[in-house]
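Here is a guided walk through one protein model. Keep the 3D view open and follow along, one element at a time.

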Amino acid sequence: MTNPHGTGVTVLGLGAMGSALAAALLDADHETTVWNRTPERAAGLAARGAKPASSIGEAVTAHQLVIACLLDHASVHETLDPVIGRMRGSALVNLTTTTPNEARELATWAAAHGVDYLDGAIMATPPMIGTPAASILYSGSDEVFAATRPVLDRWATSTYDGEDSGLASLFDLAMLSGMYTMFAGFLHGAAMAGSVGVSATEFAARATPFLSAMTAGFAHDAAVIDRGDYTVPGQQSLDFSDLSHIVRASEEQGVDPAPIAAVQVLISRQIAEGHGAEGFARLYESLRADRA
Ligand code: FVH
């Protein structure tokens, strides 16, 4: 499929990420128009060949492919509400972090103005853009995804997750939930080791291979969850996994047990409901959307 939106691209938002996206397009010789609420931030990109738009209206009418990489959902509306009526027939690829429902709201709003909407979730930091390590998830208009692949693939490995505009955000935030919880656990462990004078650097060196090896357990727990049978033999039972000794050890060392205490709350809930003999994956039942 050829790109009906041409090869020129407008990038709205020149923070750390928007600037990296625009720079990658310039490196690939795309005609690139840029706009930022604070216009001075366009200077560096202009020196590399970008065309700074003098107004948001000029920016969104310069090309039929408009990329938004702004702060949040509210800033997308604040920026585009005044000009959305001038974007009929354009494609809007929104790489601003939003919740799934915020992405769906933007898709509905864009459609009401005759604008094709593709939502994106960036799984990378700005220096990773344009390198093989970068990944961007997309959902929403499959036509926009197919037609703009030559642009999207300049930034990262592009994955299309389906027509529901909220899915890219959902997968992004689900993975970030896992990441932040893991990091909080690491920091709690570092504080425990730190209570006896072990540096965080030394603890990280010891924890990294152990925690990396433990991630192999995701696939096992996932299989148990998908089967819906937490009594599969060979699993460590929740009764055995009781973590109150870790909570107690943390308190004895003067370390706030909040991260591990939160896990213990989930374990205790399942034990109280009579599932102490079942495996650790049973905690999923305390968290799932349609839990009893
Ligand atoms: N940076 C990262 O590592 C992460 C990676 C994962 C995805 N995020 C998301 O990308 C969006 C932009 O992030 P950013 O790193 O570029 O953020 P900033 O450097 O803080 O730039 C913010 C830009 O948004 C503009 N802006 C803020 N509020 C408004 C508004 N009300 N109206 C118009 N523009 C607004 C801001 O403009 P200015 O302050 O320079 O005038 C910047 O251009 C974000 O969703 C991340 O979650 C990045």
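Start with helix α1, which covers residues 16-27. This model is predicted. Helix α1 has 12 residues. From its first C-alpha to its last, α1 reaches 17 Å. That is close to the 16 Å expected at 1.5 Å a residue.

Several elements cover them. Just after α1 comes Asp29, which takes a positive phi of about 65°.

Now step back to strand β1, which spans residues 9-12. Val9 sits in this strand. Why does Val9 count as buried? The cut-off is 20 or more other C-beta atoms within 10 Å. Val9 has 27 C-beta neighbours inside 10 Å, so Val9 counts as buried. Which residues does Val9 touch, leaving out those up to four places away in sequence? They are Leu25, His30, Thr32, His63, Leu65, Ile67 and Val151. Compare Ser135, which lies 126 residues from Val9 along the chain. The C-alpha atoms of Val9 and Ser135 are separated by 20 Å.

In an unreviewed entry, UniProt lists residues 9-158 as "domain: 6-phosphogluconate dehydrogenase NADP-binding". The span 9-158 is 37% helix and 23% strand. Its end C-alpha atoms lie 17 Å apart.

Next, find the ligand. How many residues surround the ligand? The number is 22, and the closest are Gly15, Met17, Arg37, Thr38 and Thr97. Helices α1 and α4 (73-80) each supply at least two residues of the shell. By kind, the shell divides into 8 nonpolar, 10 polar and 4 charged residues.

Finish at helix α8, residues 200-214. Its 15 residues should span 21 Å at 1.5 Å a residue. The end C-alpha atoms of α8 are 20 Å apart, which agrees. Even so, α8 has a kink of about 35° at Ala207. The kink lies shortly before the proline Pro209. How well is α8 covered? Hardly: the count of buried residues among its 15 residues is 0.

Methods:
Residues numbered from 1 in each chain as written. Predicted model: local features only at pLDDT ≥ 70, side-chain atom pairs only at ≥ 80, totals over all residues. Helix = DSSP H or I, 4+ residues; strand = E, 2+ residues; numbered from the N terminus. Buried ≥ 20, exposed ≤ 12 C-beta atoms within 10 Å, placed from the backbone. Contact = placed C-beta atoms within 7 Å. UniProt positions renumbered as here; feature names shortened; annotations may be inferred. Expected span 1.5 Å × (residues − 1). Bend = angle between axes of the 7 residues up to and from the residue. Near = placed C-beta within 6 Å. Nonpolar A, V, L, I, M, F, W, Y, C, P; charged D, E, K, R; others polar.
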